[in-house]
Amino acid sequence: MPLSRRSLLQSAALALPSLAGLRAAPLSAEANTTVAPRQPVQPGLITRQRTPENLEFPFAALKDWKTPNSQFFVRSHFYVPELKAEDWSLRVEGHVERPFEIGLKDLQQVDPSTHTVLLECAGNGRVFLQPLLGGLRWEQGGVSNADWTGAPLGALLERAKVKSGAVDVILEGHDQKRLGPPSPPTGEIPFSRSITLEKALDPHTLLAWQMNGEELPPAHGYPVRAVIPGWYGMASIKWLKRVIVTDRPFDGYFQTFNYTIWKRPEHGLPTLTPVTEMDVKSQIARPMSHETIPAGKPYRIFGAAWAGQPEISKVEISLDAGETWSAAPLNVKSQPYAWRFFKYEWTIPASGDYTIMCRATDARGRTQPMQRDPNRRDAMITHVQPIAVHVR
Ligand SMILES: Nc1nc2c(c(=O)[nH]1)N[C@H]1C(S)=C(S)[C@@H](COP(=O)(O)O)O[C@H]1N2
Ligand SMILES: [Mo]
């Protein structure tokens with residue numbers, strides 16, 4: 001019996017609720033999971049951890065030489081302390097003749113200066129380690145570059161009159177926590193790190209209250225943080241509380257249990273050594289890994305290189321997985337402690353799969369290695385990374 005138009009519509013309408021039910025099923029299953037999907041708290045940043053909030057700069061979108069504050073990567077171990085500028089003060093003490101305390105207004109009168117300084121987390125690129133290790137799994141974006149305005153730490157140490165025999169300067173943050181296994185010390189410990197007295201007296205070493213001309217955002221250390229140019233990020237203590245001068249090297253948690261690499265001094269015995277100065281490194285922002293790019297058109301490879309204090313003198317590109325290398329033109333803009341952009345106009349020969357690499361050399365003659373040095377444990381990840389692309 002042929003169905004009338006009307007009964008067809010009726011049967012379609014009857015079918016609808018069951019269809020809708022089918023579609024709804026996976027959605028409600030998702031809603032039942034313990035962690036509901038949320039929007040990133042900082043749009044434009046990649047979430048690596050929600051609590052505490054650890055956020056990666058989207059390196060593939062690299063454009064600005066100075067990273068906007070809203071895109072600057074965030075690395076916080078414990079939490080973001082809620083501090084008020086009016087109540088904040090810093091204590092300078094330890095192996096000094098005249099310990100003192102200073103508030104923000106007075107600190108801002110101490111020879112303010114502005115420097116562009118790149119910060120890179122010592123674990124940037126950790127996701128590329130084989131085998132994978134503990135710690136945050138950064139891809140390429142545990143790095144950013146900004147202007148910092150602050151007082152030179154050296155001027156404060158001068159005021160405190162450092163006693164002879166001083167070697168280290170401990171920087172202590174307001175954030176503190178009872179640490180987990182294995183075998184943590186008792187009680188809460190603040191995030192803290194030491195720098196050498198020599199580094200503390202370097203006129204570029206700042207106690208900063210501004211980032212790119214704005215007051216420090218809470219996540220970046222409000223109201224005052226240290227900026228230790230040329231050292232990996234862990235030394236640039238946020239939410240600064242105390243500066244403690246010592247007459248012996250500091251052996252705190254974050255430079256013994258953590259942020260250390262193996263070195264082999266002359267006697268050959270592996271010696272655990274705190275991570276300090278940055279090594280030379282470069283990264284390709286574009287193309288991205290696994291990007292498909294059109295054949296028969298020129299393609300601009302683009303990225304950044306940095307080495308801490310020494311300037312970048314050369315970046316080379318390989319289009320054949322490291323067999324052959326050619327120099328990539330460097331941006332004119334080059335400054336110690338900041339990154340330098342490079343680009344390379346690639347005339348794509350034919351469709352197929354290509355493995356692109358970059359490697360930088362700095363003014364000290366250091367070049368990125370092809371192989372990972374396992375003595376570096378989970379830090380200082382600078383070996384050359386392959387970017388696989390598909391051309392068609
Ligand atoms: N007080 C405090 N300072 C800190 C940290 C922290 O967790 N607490 N993290 C350090 C690490 S490991 C890095 S890489 C940088 C990151 O600075 P940012 O969050 O402003 O990018 O801050 C450093 N200073
Ligand atoms: Mo870090």
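Which atom of ligand 1 is 2.6 Å from an N or O atom in the side chain of lysine 238? An oxygen atom of ligand 1 is at that distance from the lysine 238 side chain. The structure is a predicted model.

## Ligand 1 and its contacts

Two further polar pairs involve ligand 1. Aspartate 175 places a polar side-chain atom 2.6 Å from a nitrogen atom of the ligand. Arginine 75 takes part through its backbone, with an N or O atom 2.9 Å from an oxygen atom of ligand 1. Taken on its own, ligand 1 has 530 Å² of accessible area, and the protein covers 100% of it.

The shell around ligand 1 holds 19 residues, of which Phe73, Asp175, His220, Arg225 and Lys238 come nearest. By residue class, the shell divides into 9 nonpolar, 6 polar and 4 charged residues. The largest cavity is the space that ligand 1 takes up.

## An open five-stranded sheet

One sheet is open and consists of 5 strands in the order E16-E22-E21-E18-E19, with mixed pairing. Its edge strands are E16 (292-293) and E19 (326-327), each of which pairs on one side only.

At the E19 end of this order, the partner strand is E18, which spans residues 312-318. E18 and E19 run in the antiparallel sense and are joined over 2 bridges. One of the bridge pairs links isoleucine 317 with serine 326 in E19. In general, strands of a sheet pair through backbone hydrogen bonds, in either a parallel or an antiparallel sense.

## Backbone exceptions in loops

Most peptide bonds are trans, and most residues other than glycine have a negative phi. Several sites depart from this pattern in the model.

The peptide bond from threonine 51 to proline 52 is cis, with omega near -5°. Proline 52 belongs to the loop between strand E1 (46-49) and strand E2 (54-56). Another cis peptide bond leads from tyrosine 222 to proline 223, where omega is near 5°. Proline 223 is found in the loop between strand E10 (214-215) and strand E11 (225-227). Aspartate 111 is not a glycine, yet its phi is positive, at about 40°. Aspartate 111 is placed in the loop between helix H2 (104-107) and strand E5 (113-120).

Key: Residues are numbered from 1 along each chain as its sequence is written. Chains are lettered from A and ligands numbered from 1 in the order in which they are written. This is a predicted model: local features need pLDDT of at least 70, side-chain atom pairs count only at pLDDT 80 or more; totals for chains, interfaces and linings use all residues. Side-chain values use heavy atoms; hydrogens and water are left out. Two strands pair if DSSP finds at least two bridges between them. Helices (H or I, at least four residues) and strands (E, at least two) are DSSP runs, numbered from the N terminus. A residue is near a molecule or strand if one of its heavy atoms lies within 4 Å of it. A polar contact is a pair of N or O atoms within 3.5 Å; within protein, one must be able to donate a hydrogen and the other to accept it, and residues adjacent in sequence count only if both atoms are side-chain atoms. Accessible areas come from the Shrake-Rupley method with a 1.4 Å probe; for residues, only the protein chains shown count as cover. On a 1 Å grid over the protein atoms alone, a cavity is a set of points where a 1.4 Å probe fits but cannot get out, and a pocket is an open set with protein on both sides within 12 Å along at least five of seven lines; lining residues have an atom within 4 Å of a point. A molecule sits in a cavity or pocket if more than half of its atoms lie within 2 Å of its grid points. Ala, Val, Leu, Ile, Met, Phe, Trp, Tyr, Cys and Pro count as nonpolar, Asp, Glu, Lys and Arg as charged, and the others, Gly among them, as polar.
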